[in-house]
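Please read the following points alongside the sequence and the structure.

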Amino acid sequence: MKNKFILLLKAGLSYTFASSKMGFGSKSKGKKIGIIILFAFLGIYLAAFSAIITVLFYENVSAAGLKMLIPSLFVSASAILNLLSALFTSAGFLFKAKDLPILFPLPVSHRTVLAVKFTQFYLTEVLISLITLGVSMVTFYVLDGVTLMGLITGVVGIFIAPLLPMSIGVAIAFGVGMLIRNFKYKNQITTAITVISSVALVLAYYAASNLQGDFIIANAKALIDKVSSIYFPTRLFVNAFEGDVLSLLLFIAVNVLPLIILFLLVSLRYSSLVASFNTERTSSDYIYTAGSASSTFGTFLSKEIKRVLTSSMYLLNSCSSMLMLGMYAILSFKLKTLPDQLFGVSPELAEDILYLTMAGLIALACGFTSTSASSISLEAKTLWILRSIPVDIKTIFNAKALTNAIIQLPVATAAIIFICIVLGFSIVKSLLLLALAAIVLLAASYGGLVTNLLFPKLDWQNEMQVIKQSAASGLYILFSFVIATLFIGLAVLGMIFLHLDSLTLVMGVAALYMFLFLILHGITLGWGVRKFQRIY
Amino acid sequence: MLVIQSLTKSYSPEKKAVDDLSLTIEDGDIYGFIGHNGAGKTTTLKSITGIIPFESGTVTFNGIDLSKQPELYKSNIAYIPDNPDLYENMTGIKYINFLADVFSVSQQDRDSLIPRYADAFELTGNLGSPISSYSHGMKQKLALIAAFVHKPRLLILDEPFVGLDPKAAYTLKEFMKELCAGGGSIFFSTHVLEVAEKLCNKIAIIKEGKLVRSGLIDDVRGDSTLENLFLELV
């Protein structure tokens, strides 16, 4: 079994991590090195984020002697992220992987196949744990020193803590999947559940952000108790961190045992469960009724929008920028007091700073993700349809690009109007922010297409490998981040050195994005069309 | 009339998948394309439908060059691969209407042709279900219905009878004959020599990317059977 397990695991991982499968199939060494740098940058960026939060927390709570709040909160935060990830990705790994029909007939036990799938799933979850809990633990050791038990607990925590959330996530995802498998609108229901959970997360974030430093310090014990009561392994982790070996053993047991039980239960009837999970509602009572004809562009647009809306994974990961905007809208209540906090500057300048800050955040959010960055890769085996029908490739591209704008613009508009009302921006300033959002979304739409055309990935097993793990999606995030930083940086320099007012500066940023959109549009419909003809 | 002239396609510099292939498919032809696995049949079909680019040669349909006017060229043809992967999130009827929109099929034609072909392939009742719930054969039937609805002048099929039940295979043959009787033409690959022998008026045999024999089926096989000829040639 061991050899077969390793053989299958290597084959499975090659789809996820091997360079040729990440979307840059060319033999160019430069490209491969570029992608390694890209993913290293993204890893460092996320790790730095965790480290900064740890430092800020440490400064707040260490003086009060409540340092243990840090491991407590980070092991909980890591568990929540693992749980969310497991809820949305576990079915793709365990029950809907496209290679399962190939693996089941092989002379390998189904238990081995399940072990391979669980391992692939676990490796993804450990990455989350490394970036959140791992980085915060290292930062904590640097700030506070290392004890042997603290070190052991930290290392064990990173690799063991994802297991319980994985088990819970698999059980919920499987249960929900089985429950709604025969529903007519099961994809839409899954998507709605996803969006509602994500909004709930944003609201929880807002509630957490209301906690002031003084409150945290005054109620640290109660907070740890509360967190522990919600997720009890936190208490075991904290106790182990403080030197209790029994707590460490219990922490390992409560994480490992459920997964072992779940694994054994699923392995009993793995292929039957997969078959049941993938059973779909079918009806044989359809009666033809005349529909309505549509234009070629209209029908492609409808196809693309439906593609996004029927995949919770695609919607959540490609439109997470809208969650960022929702968060800004909620946080705008806090930013309202920013001008008052800017002592020594005139009220006009304070408002200019506030307006430019919001414009920067909106530009960053609207460009941060794009459905188009994976829309070509998602065609995969259906690409033959697009290649054999009489349609201008530009029409396909424009439909894919517009889909991103159409899906994100209503949320962006609502959030920006809310922000403008809360912060009391004038109508002109508000309209400019709306125009900026629209222009950034358009640039993002074509930017996503360009990155996807640069690194198409057509041989995926589950769509997560395209949407979350492909070179194109990684490059797109980096691209959008660099562009937003550059443009907003220029605006800040204009404010400092040229003393320009915020309205002029935001108009300048919008003009830069418009220029970028025109360039990307030209590249997509020129080079992109030629590149598309060579992809297969 | 489809004219393929000196078509050459390589996947690597060392080996040509299709080597200087020339073939003419006239209106009314049911042209069978046979060869062993890896001979270049699918590559040829994908090349002449615009799915994959080719290095040299020309492909024209009624004088319309695939390389110069790809949309106009493709508006005359329909292609169905051996393993049709369709848009799984669509229902069957959505997929048919999607292609009908692309090929600008009138509402009147849809209302008459969709029920006709869907009933013939016994798929009408399933058209409201998502394609992800379809079996391989049902997907093949759906692809065929969607292709026939836009009334192609040339139908290009890759192993069309694999996966179809006997009744559907018979129905397909009848529709193929009907299309050709109306002035259309069909070019299809197959491993089933009996089908080729009974259905086709012309046949082409490909070996290692090169056309080794082509023309009227009686002229090609001579006094031999198609099976004997095939074994002899490839």
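Which domains does the domain assignment of chain B give?

1. The model is predicted, and for chain B the domain assignment gives domain 1, made up of 2-76 + 153-233, and domain 2, covering 85-151. The C-alpha centres of domain 1 and domain 2 of chain B lie 24 Å apart.

2. Turning to the contact between these domains, 19 residues of domain 1 of chain B are in contact with 14 residues of domain 2 of chain B. Between them the two domains of chain B bury about 1200 Å², and 64% of that area is on carbon and sulfur atoms.

3. Three salt bridges are counted between domain 1 and domain 2 of chain B, and a salt bridge also described here joins the side chains of Glu178(B) and Arg116(B), at 2.7 Å from N to O. On the side of domain 1 of chain B that touches domain 2 of chain B, β7 (154-158) and α6 (166-181) each supply at least two residues, and the largest share, seven residues, comes from α6(B). The residues of that side divide into ten nonpolar, three polar and six charged.

4. In chain A, Leu8(A) is found in helix α1, which spans residues 2-17. With a relative accessible area of 13%, Leu8(A) counts as buried, because that value falls under 20%. Leaving aside residues up to four places away in sequence, Leu8(A) touches Leu103(A), Leu106(A), Val108(A), Val113(A) and Val116(A). By contrast, the C-alpha atoms of Leu8(A) and Ser502(A), which are 494 residues apart along the chain, are separated by 58 Å.

Technical notes
Residues numbered from 1 in each chain as written. Chains lettered and ligands numbered in written order. Predicted model: local features only at pLDDT ≥ 70, side-chain atom pairs only at ≥ 80, totals over all residues. Heavy atoms only, no water. Helix = DSSP H or I, 4+ residues; strand = E, 2+ residues; numbered from the N terminus. Buried < 20%, exposed > 50% of the residue type's maximum accessible area, 1.4 Å probe, protein only. Contact = heavy atoms within 4.5 Å. Domains from an automatic or database assignment. Buried area = accessible area lost by both parts, 1.4 Å probe. Salt bridge = Lys/Arg side-chain N within 4 Å of Asp/Glu carboxyl O. Nonpolar A, V, L, I, M, F, W, Y, C, P; charged D, E, K, R; others polar.
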